[in-house]
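Hi,

Here is the structure I promised to pass on.

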Amino acid sequence: MALLVIALGTTAFAQDAGSDPVGEDAGISFFPSESVRDVENILNQLTESGEEGIQPLEELLEPANTNSPRDTIISFVKLTQRYYDLLRQDTYTREDAAELQHLYDEMQWFFDLRNVAPSLRQDVAVNDAVYLREIIDRIGLPPLENIPNREQMLAAIDQGHAPAWKIENSPLEIVRIDEGSNQGKYLFSEETVESVEDLYWRLRSFPYRTTAAEGFYEASFLTPDPTLQAWTDGLPGWLHKDVLGQTVWQWIAMIALFVLAILAIWLLWSILKRLTRNASALTRDSILLLVPLFAALVSFALYDLIGDKIFITGLVFQSAVYVIYGMALIATIIFIFSLGTVSIDLSAATEYAKQRPSDVHLVALGIRVLSIVAIIAVLLQGMRLMGFSLATIVASAGVTGLAVALAAQNTLKNVFGSLMLLLDKPFEVGQRIKIRGYDGVVEDIGMRSTRLRLLSGHLVSIPNENVAEMDIENVDMRPSIKRTINIPLPRDASLEKIQRAVTILQEILAVPGSGRAKTDGQPSSQRQSHDEKVSSARHPNEAINHPDQPPRVFFDEINPDSLNLNVTYAYSPPDYPAYLEHAQMINQEILRRFREEGI
């Protein structure tokens, strides 16, 4: 419905601007040429060569010659005549389709289309070519010798004249382009491109002065692709009625195609949604990627059917192109964003992700950034094709970006803080850290904040900006958990008891059978029997007995009221729950042995 409203409004406005018959009050400020000899002379060149009196196709397919106003006029008349002949013929072959496409491309080189959206240039050029040829066939052309060639134009420019030439007193002007890909070429000016349709409607009541392309407007605007023409010829007369530059059946076909396209997209989405309702989230999201991809393909199919088969033209087609490109643009953006989400989920499901969760966060951030960059690139390209100026878009984006950056300084700081944390890796998800007076386990490193589960069970969120600037104590990054025990003995304890206490502590901390502990007074046969019992399983003391860090026991201090025994060892790996269990075992064994010995 939006397409219909746009098309009706723009087309009605364009036609109402000059649809009155030409007369004294029509405001036409020029007079038709008194001769059309040169239009006919140009057309006669089409039948001057060839075995059957037809100009060879190779010559017709040569690039348009626009090196001077005369060359531009001659090439334009020849190409539009060939286009008209193809539209009027009864048969239609694959070669004809290729030639038509060539003519569509060639017609773009006759007009200055720099300010026309790239996606619309071909259609605008073809439409304006039809309007312009209809006008020329009504007002005629001056003699060819009066149309300047390249040498004459250069001489006129040297004399200070403007690098432009008008057809008689009409507003139809050919100008030299001084920049861009068409530099040095003579093309119909931007003003001619803008005014030619209105001028055609004002001159439509003029009689033809040459009938070589009579009915060109009807053949181009109101006639479908030749493959459909046989079918449309059998339709009732009211379906061929002209409504805003299109026949009724073309309006119906175009609207029906849009409705079918939307229904097809919705049907595919519904089917895939139903088929994947019991699947995992990753599988469902991966399969649903087909929906935006299908929508983009449908958009391009619509463009081909509406523009090439049904042959919608003019402002109606331009309005349809905006809708189609909008559909394709939205579908592509959704596809890129969804593909990024699926990629993140795939990376998180790997075995590597379980071992290095912080790397997964970095990968996810990278994928998101790439997705945003790709979306911006696609959006800019799509807007350029729709006719928006890239310079204006970039300038607006710069101003908008600056305003957003100023308004969201803290958010951006947190985002960059998150990036620094993921790159520097002072801690990872699942590790215990101490920061800002908090002691807990990292649950998540988000884009804005880091969430910490305290040992008390409370959840704390700290902005990444602050986390990146603070001193962080990573408890889980320690290679081992060091423990120091101070055991006081009575001040009057004998030296023998002190030595016995040191020996007991060494035995408690040693791995049985390692030979590290001295078991004074214990027969070797008893020690061997004890070692055989514990050798079948890994002893807990292996976690504190390492070649570079063995347990150490010293009688280190004599205090006024006690004698102190110092015990130090390092528990590795630093598994805190396992460390506590081992410490409990050591404490119980110390108490048991000391009581048995009466210490």
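Below are my notes on a sheet, a loop serine and some aromatic rings.

Please keep in mind that this is a predicted model.

Ile 433 is bridged to Gly 440 of strand 7.

Next, the serine. Ser 572 belongs to the loop that runs between strand 13 (562–571) and helix 22 (576–597). Its side chain comes to 3.3 Å from the backbone oxygen of Pro 479. Leaving aside residues up to four places away in sequence, Ser 572 is in contact with Pro 479, Ser 480, Ala 543 and His 546.

The model has 15 aromatic pairs. For Tyr 200 and Trp 201, the ring centres are 5.3 Å apart and the planes meet at 65 degrees; over 60 counts as edge-to-face, so that is what this pair is. Tyr 200 and Trp 201 are both buried. Elsewhere, Phe 76, Phe 110, Phe 111 and Phe 188 are linked into a cluster by ring pairs.

Two arginines also sit over rings. Arg 138 is over the face of Tyr 208, 4.2 Å from the ring centre, and the charged end of Arg 368 is over the ring of Phe 337, at 4.6 Å from its centre.

Best wishes

Key: Residues numbered from 1 in each chain as written. Predicted model: local features only at pLDDT ≥ 70, side-chain atom pairs only at ≥ 80, totals over all residues. Heavy atoms only, no water. Pairing = 2+ DSSP bridges. Helix = DSSP H or I, 4+ residues; strand = E, 2+ residues; numbered from the N terminus. Polar contact = N/O pair within 3.5 Å; in protein donor to acceptor, adjacent residues only side chain to side chain. Contact = heavy atoms within 4.5 Å. Phe/Tyr/Trp six-rings, centres within 6.5 Å; stacked < 30°, edge-to-face > 60°. Buried < 20%, exposed > 50% of the residue type's maximum accessible area, 1.4 Å probe, protein only. Lys NZ or Arg CZ within 6 Å of the ring centre and 35° of its normal.
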